[in-house]
Amino acid sequence: MKRAAMVLTAMSMLVPLACADEVPRFDMFEKSFSQRDAYDNPYKELTAVAMLRRPDGKGWVMPLFWDGKTAWTLRVSPDMVGEWSYSVRSTDSGLNGQSGSFRCVESELHGSIQAMKGHPLHFQYQDGTPFWFFGEKAWRVFQTDRAEKLDHDSAMHHVDVRAAQGFNYMHTELAGTGGLTSGGNEGGEMFVDAGKEIINPTFFQEVDDRLRHINEKGMICGMVILYAKGDPYWKSLPSDEARLRFARYVVA
């Protein structure tokens, strides 16, 4: 982890667009499970990991994330056509041993972005299509601020305008610019208590919804998770272990 900032680049990473049995390549497979045992703070006390097997036989490890109450969710964007399978490992009796499969089929999606092969200072989509950045910083696209007339609808209208102008990238900050006093979004604040590592899943569900819209408009979203300098959430989290746990949760 970088001390200066934690950054995530996402393209259809958080939100499913396809059915569970047949998933277009670079789209999203999602499956939810229920924990059986009781925990004071499932986010902190419990872990669940899916051991995936790709069509080429190689393994892929993906953590599940706590989605509120007893729900745990697996999300993965398959990059290879063919049959995929998974099995969940967890200390919780309701999650451990859960398994299943899905089929990835061809699609016209390009995937997220990566360094261009042979030209590491340039970018391409996962399918090899060249990617040229044309975008802007929209720091509060996941936030709500009634005084500034910023809410779900106005933020998504901004996305619509930029998409119509040909933008393919939007750079933003998960926590917004207001930190602990940002007002969160329609789902509430990001943390109930950052010092105790109590997150608010409904905040992230609203982020999911907005990110889905950004992705559907054909835009990559570059997301700063937390800033090490001046971010009250970073300072409120009790340790680097807690910050790493939060980063892994967002990636998941």
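Figure 1. In the hairpin of β11 and β12, four residues lie between the strands, and G128 takes a positive phi near 95°. Strands here are DSSP runs of E with at least two residues and helices are runs of H or I with at least four residues, both numbered from the N terminus; two strands pair if DSSP finds at least two bridges between them. β11 is joined to strand β12 (residues 130–131) by two bridges, and these strands run antiparallel. F131 in β12 is the bridge partner of F123. Strand β10 (residues 113–116) and strand β11 (residues 119–125) pair in the antiparallel sense over four bridges. Two residues separate β10 and β11 in their hairpin, where G118 in the turn has a positive phi of about 85°. Because the model is predicted, local features need pLDDT of at least 70 and side-chain atom pairs count only at pLDDT 80 or more, whereas totals for chains, interfaces and linings use all residues. Residues are numbered from 1 along each chain as its sequence is written, and side-chain values use heavy atoms, with hydrogens and water left out.

**Figure 2. The open sheet of five strands.** The strand order is β2-β9-β8-β4-β5, and the pairing is mixed. β2 (22–24) and β5 (59–63) stand at the edges with a single partner strand each, so one side of each has no neighbour in the sheet. From one strand to the next the twist averages 30°, with axes being lines fitted to C-alpha atoms (for helices over the stretch in contact) and angles running from 0 to 180 degrees between N-to-C directions. β2 pairs with strand β9 (residues 99–105) in the parallel sense over three bridges, and P24 has V105 in β9 as its bridge partner. Strand β4 (residues 48–53) is joined to β8 by six bridges, the two running antiparallel; V88 in β8 is the bridge partner of A50.

**Figure 3. W84 and F102 across β8 and β9.** Six bridges join β8 to β9, which run antiparallel, and W84 has F102 in β9 as its bridge partner. The two residues also form a stacked aromatic pair, 5.8 Å centre to centre with 10° between the planes. Rings of Phe, Tyr and Trp (its six-membered ring) pair if their centres lie within 6.5 Å; planes under 30 degrees apart count as stacked, over 60 as edge-to-face and the rest as tilted. W84 lies in strand β8 (residues 82–90) and F102 in strand β9, so the pair ties together parts that are 18 residues apart in sequence. A search of the whole structure finds 19 aromatic pairs.

**Figure 4. The open sheet of three strands.** The strands follow the order β3-β7-β6, with antiparallel pairing. β3 (29–34) and β6 (65–66) are the edge strands, each pairing on one side only. Six bridges connect β3 with strand β7 (residues 71–76) in the antiparallel sense. Within this pairing, the bridge partner of K31 is L74 in β7.

**Figure 5. Packing of helices α2 and α3.** Helix α2 (residues 152–164) packs against helix α3 (residues 201–216) at an angle of about 20°, with the axes 10 Å apart. The two helices are therefore roughly parallel to each other (angles under 35 degrees count as roughly parallel, over 145 as roughly antiparallel, 65 to 115 as roughly perpendicular and the rest as oblique). From α2, H152, A155, M156, V159 and D160 meet E206, D209, R210, H213 and I214 of α3, where contact means heavy atoms within 4.5 Å. By class, this contact has four nonpolar, two polar and four charged residues; Ala, Val, Leu, Ile, Met, Phe, Trp, Tyr, Cys and Pro count as nonpolar, Asp, Glu, Lys and Arg as charged, and the others, Gly among them, as polar.
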